[in-house]
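Could you walk me through this structure as if I had never seen it before?

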Amino acid sequence: MDVVGRTIGRSPSGIAPATRFSRLLAGGAVCAVLLGVPPVVWAGGSVRAAVAGVGNVSLASTVTPATLGLGSGFDDVATLTPPQGGARPTGTMSFTVYGPTDPTCAGPILFDSTNTVSSTPGLSGGFSTTSGSYTPPNVGTYRVISTYSGDANYQRTSTGCGDPAQTVTVGLGPTVTAISPGAGPAGGANTVTITGTNLAGATTVDFGGAATPATVLSATQVAATAPAGSGTVDVTVTTPFGTSPTGAVDRYTFAPAAGPP
């Protein structure tokens with residue numbers, strides 16, 4: 001291929017144009033010069049144009065805990081995972097929290113935290129950044145969106161509204177108001193009924209540190225089989241929204257076995 005001004009002359013007799021072009025590639029950076037970009041010459045002798053670009057980085061976020069009682073807080077951790085061999089991501093990670101009456105994350109924003117992306121990779125190779133703790137003011141479902149600013153190597157990206165891994169359910173914690181019966185044999189095995197509030201979804205009943213499965217009777221009552229024990233202990237109920245506080249009304253006494261007459 002002969003370049004003269006703006007015309008391309010015919011190739012010499014007996015040499016196909018494609019063959020001439022291949023020889024030019026093998027011989028140096030003529031292709032890159034014609035394209036007007038800096039050449040990169042690879043070990044095989046071929047020439048490729050050095051094209052700058054911005055790639056993608058994987059973003060995953062998880063809130064902890066996903067269910068909590070009113071008055072408790074949660075945290076969101078966003079992890080950036082670059083492609084294999086990719087540069088470390090820089091820039092910032094922003095976390096925005098939307099309230100129970102805002103299922104589309106249209107606003108207003110209840111909490112906004114922006115932090116510098118971690119420069120230290122974890123065991124999985126990802127770069128994790130935390131939002132810091134946020135305590136919701138009301139019961140309901142809260143949604144979090146994580147947004148990565150992007151940098152010279154990676155594009156801006158964010159999670160979606162309603163991502164299950166970034167959805168938090170806030171409920172009222174359980175309370176105990178009465179225990180029936182208030183005493184039982186030291187060997188346990190008897191049924192105890194616990195009365196209180198917000199007991200729906202109860203998972204365990206704890207007798208002074210000995211946990212037993214809970215049987216939910218209603219939102220205000222659960223039953224459990226008492227374990228073996230001694231003395232007087234507090235009885236607490238645990239639901240997805242927390243554990244009931246202790247007090248005088250939740251006491252249970254393990255009665256010692258009667259002695260010989």
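The points below cover aromatic rings, a surface patch and some strands.

1. A word on the basis first. This is a predicted model, in which local features need pLDDT of at least 70 and side-chain atom pairs count only at pLDDT 80 or more, while totals for chains, interfaces and linings use all residues. Residues are numbered from 1 along each chain as its sequence is written, and side-chain values use heavy atoms, leaving out hydrogens and water.

2. Let us begin with the rings. A search of the whole structure gives 4 aromatic pairs (rings of Phe, Tyr and Trp, the last by its six-membered ring, with centres within 6.5 Å; planes under 30 degrees apart are stacked, over 60 edge-to-face, the rest tilted). In Phe 74 and Tyr 134 the ring centres are 5.8 Å apart and the planes stand at 85°, so this pair is edge-to-face. Phe 74 sits in the loop between strand E6 (67-69) and strand E7 (75-81), and Tyr 134 in the loop between strand E10 (127-130) and strand E11 (140-148), so the pair ties together parts 60 residues apart in sequence. Strands (E, at least two residues) are DSSP runs, numbered from the N terminus.

3. Phe 74 and Tyr 134 are both buried (under 20% relative accessible area; exposed is over 50%, partly exposed in between, with a 1.4 Å probe and protein chains only). Together with Phe 111, Phe 74 and Tyr 134 make up one aromatic cluster.

4. The loop between E6 and E7 also holds Leu 70, which is partly exposed at a relative accessible area of 40%.

5. Now to one of the sheets. An open sheet is formed by 4 strands in the order E14-E16-E20-E19, with antiparallel pairing (two strands pair if DSSP finds at least two bridges between them). Its edge strands are E14 (175-180) and E19 (215-216), each pairing on one side only. E19 is joined by 2 bridges to the antiparallel strand E20 (residues 221-225), and Thr 215 stands opposite Ala 223 in E20.

6. Which residues form the covered face of strand E23 (residues 251-255)? They are Tyr 252 and Phe 254, whereas Arg 251, Thr 253 and Ala 255 make the uncovered face. In a regular strand the side chains alternate between the two faces of the sheet.

7. Strand E15 (residues 183-185) runs parallel to E23, joined by 3 bridges, with Pro 185 partnered by Ala 255. Strand E21 (residues 231-239) runs antiparallel to E23, with 4 bridges between them, and Val 233 stands opposite Tyr 252.
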